[in-house]
Every structure is written in structure tokens, then in C-alpha cells.
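Morning, everyone. I have one structure to show today. Let me put it up.

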Amino acid sequence: SQLVRGITRGAPLAEVAKIRTERRPLAVIGEDQLPLCEVTDDRVAVLDGHRTVQRFREVEVEAAPNRTAKDTAGVVAALLAAGATQSSFTSKARRAM
């Protein structure tokens with residue numbers, strides 16, 4: 001609660017969503033044999049107590065240091081060609097609500 005005190009102005013915090021994430025990161029190496037990006041495959045379960053009420057999958061591509069979105073465009077294109085879609089969701093918690 002200390003981290004968000006300026007936002008909540010001291011109001012009590014309440015749980016709005018409980019999620020469980022199984023994360024599978026994969027390092028992608030470029031043709032130059034240097035790290036290109038990390039592709040993270042998250043399988044997310046939204047919980048109500050111990051019961052799963054929703055499931056979704058989120059795949060994220062994060063450029064390696066000194067790499068740009070332009071450098072990772074081929075990886076993104078391959079994921080889109082394989083059936084991935086670009087998401088408008090900003091966070092797992094927001095999607096779970």
C-alpha cells in the first residue's frame with residue numbers, strides 16, 4: 001500500500017482480481033548471434049477462490065538492449081502469421097476485471 005499511497009490518498013485497498021500466470025520466456029538470437037528479443041508466452045487463469053472463471057494467453061515481444069521494434073519486426077510478423085493478434089488490452093489485471 002506504500003507504493004500507491006499517492007494514488008489512493010490513503011483509501012483502503014481491495015482485491016479486484018486474482019490471477020495465476022504460467023510464464024514461458026524464450027530468448028531469440030539474431031542472425032548476428034546476439035540477443036534480438038525475448039518472447040514471453042503467458043498463460044493466465046482468472047480465479048474466483050480456487051475456481052478458474054476465465055483463461056487467456058498473452059504473448060509479448062520485448063526487444064533486447066540496443067535493439068529496436070524495427071529489429072524485432074520479423075519476429076512479430078511470424079507470430080501474427082501463426083495466428084497471434086495484436087491486443088488492445090493494457091494489463092492482465094485490467095483484462096481479468
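I'll take the sheet, then the salt bridges. Keep in mind that this is a predicted model.

Three strands make an open sheet, in the order 1-2-3, with antiparallel pairing. Strand 1, residues 18-29, and strand 3, residues 51-63, are at the edges. Each has a single partner strand, so one side of each lacks a neighbour in the sheet. From one strand to the next, the twist averages 15 degrees.

Now strand 2, residues 35-48. Twelve bridges pair strand 2 with strand 3, in the antiparallel sense. D48 sits opposite R51 in strand 3.

On to the charges. How many salt bridges does a search of the whole structure find? Six. I'll go through some of them.

Take D42 and R23. Their side chains meet in a salt bridge, 2.7 Å from N to O. D42 is in strand 2 and R23 in strand 1, so the pair ties together parts 19 residues apart in sequence. Is D42 buried or exposed? Buried: its relative accessible area is 1%.

Next, D41 and R57. The closest N and O atoms of this salt bridge are 2.7 Å apart. This pair links D41 in strand 2 with R57 in strand 3, 16 residues apart. D41 is buried, at 14% relative accessible area. R57 counts as partly exposed, at 48%. There is a network here too: salt bridges link D41, R43 and R57.

Last one: R24 and E22. Their salt bridge has its closest N and O atoms 2.6 Å apart. R24 is partly exposed at 42% relative accessible area, and E22 is partly exposed at 39%.

That's my tour. Thanks.

Notes. Residues numbered from 1 in each chain as written. Predicted model: local features only at pLDDT ≥ 70, side-chain atom pairs only at ≥ 80, totals over all residues. Heavy atoms only, no water. Pairing = 2+ DSSP bridges. Helix = DSSP H or I, 4+ residues; strand = E, 2+ residues; numbered from the N terminus. Axes fitted to C-alpha atoms, helices over the stretch in contact; angles between N-to-C directions. Buried < 20%, exposed > 50% of the residue type's maximum accessible area, 1.4 Å probe, protein only. Salt bridge = Lys/Arg side-chain N within 4 Å of Asp/Glu carboxyl O.
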